[in-house]
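Dear colleague,

Please find the structure below, handed over for your records. My notes on the helix and the charged pairs follow it.

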Amino acid sequence: MTTPIKITYRNIDPSPAVEADIRKHAEKLEGFDARTHWCNVSVEAAGKHQQKGRLYKIVINLGLPGKTITVNRAGPQDPAHADIYVAIRDAFNA
């Protein structure tokens with residue numbers, strides 16, 4: 001991918017496997033619009049303490065000529081988003 005990707009983590013330690021999964025999904029975005037200037041992805045775990053079943057929130061910001069697109073899956077909490085890879089997949093599919 002030629003578009004620079006910035007990944008930030010909140011309440012979760014960075015993970016090479018999570019980063020690789022995000023980059024894999026982000027590369028597919030260039031197929032929709034090759035003019036993408038940048039891609040920022042925020043990965044956030046609900047709560048400050050590690051606990052089983054906490055949900056993950058993924059926010060994607062894309063910089064395109066003259067505009068920014070933000071994907072933020074607000075709404076009812078999806079229990080499937082206790083799996084970080086499902087949360088990433090759903091955010092990029094949105």
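In these notes, a residue is called buried under 20% relative accessible area, exposed over 50%, and partly exposed in between (1.4 Å probe, protein chains only). Helices (H or I, at least four residues) and strands (E, at least two) are DSSP runs, numbered from the N terminus.

The model is predicted: local features need pLDDT of at least 70, side-chain atom pairs count only at pLDDT 80 or more, and totals for chains, interfaces and linings use all residues. Residues are numbered from 1 along each chain as its sequence is written, and side-chain values use heavy atoms, with hydrogens and water left out.

Regarding confidence, the protein averages a pLDDT (the predictor's confidence in each residue, from 0 to 100) of 85, and 87% of the residues score at least 70. Among the elements, the mean pLDDT is highest in strand β1 (residues 5-10), at 95, and lowest in strand β4 (residues 67-72), at 88.

Helix α1 has 14 residues and spans 20 Å from its first C-alpha to its last, close to the expected 20 Å (1.5 Å times one less than the number of residues). Its buried residues are Val18, Asp21, Ile22, His25, Ala26 and Leu29. Down the axis of α1 they fall within an arc of 130 degrees (taken from the directions from the helix axis to the C-beta atoms), so they line one face of the helix. These buried residues pack against β1, β2, β3 (56-64) and α2 (84-93), where contact means heavy atoms within 4.5 Å. The face turned away from the buried side carries the exposed residues Pro16 and Lys28.

Four salt bridges were found in a search of the whole structure; the term denotes a side-chain nitrogen of Lys or Arg within 4 Å of a carboxyl oxygen of Asp or Glu.

- Glutamate 44 and arginine 10 meet at 3.6 Å, N to O. This pair links distant parts of the chain, with glutamate 44 in strand β2 (residues 38-45) and arginine 10 in strand β1, 34 residues apart.
- Glutamate 19 and arginine 23 meet at 3.0 Å, N to O. Because they are four residues apart in helix α1 (residues 16-29), about one helical turn separates them.
- Aspartate 90 pairs with arginine 89, the closest N and O atoms being 3.0 Å apart. Aspartate 90 is buried at 15% relative accessibility, whereas arginine 89 is partly exposed at 38%.

Yours sincerely
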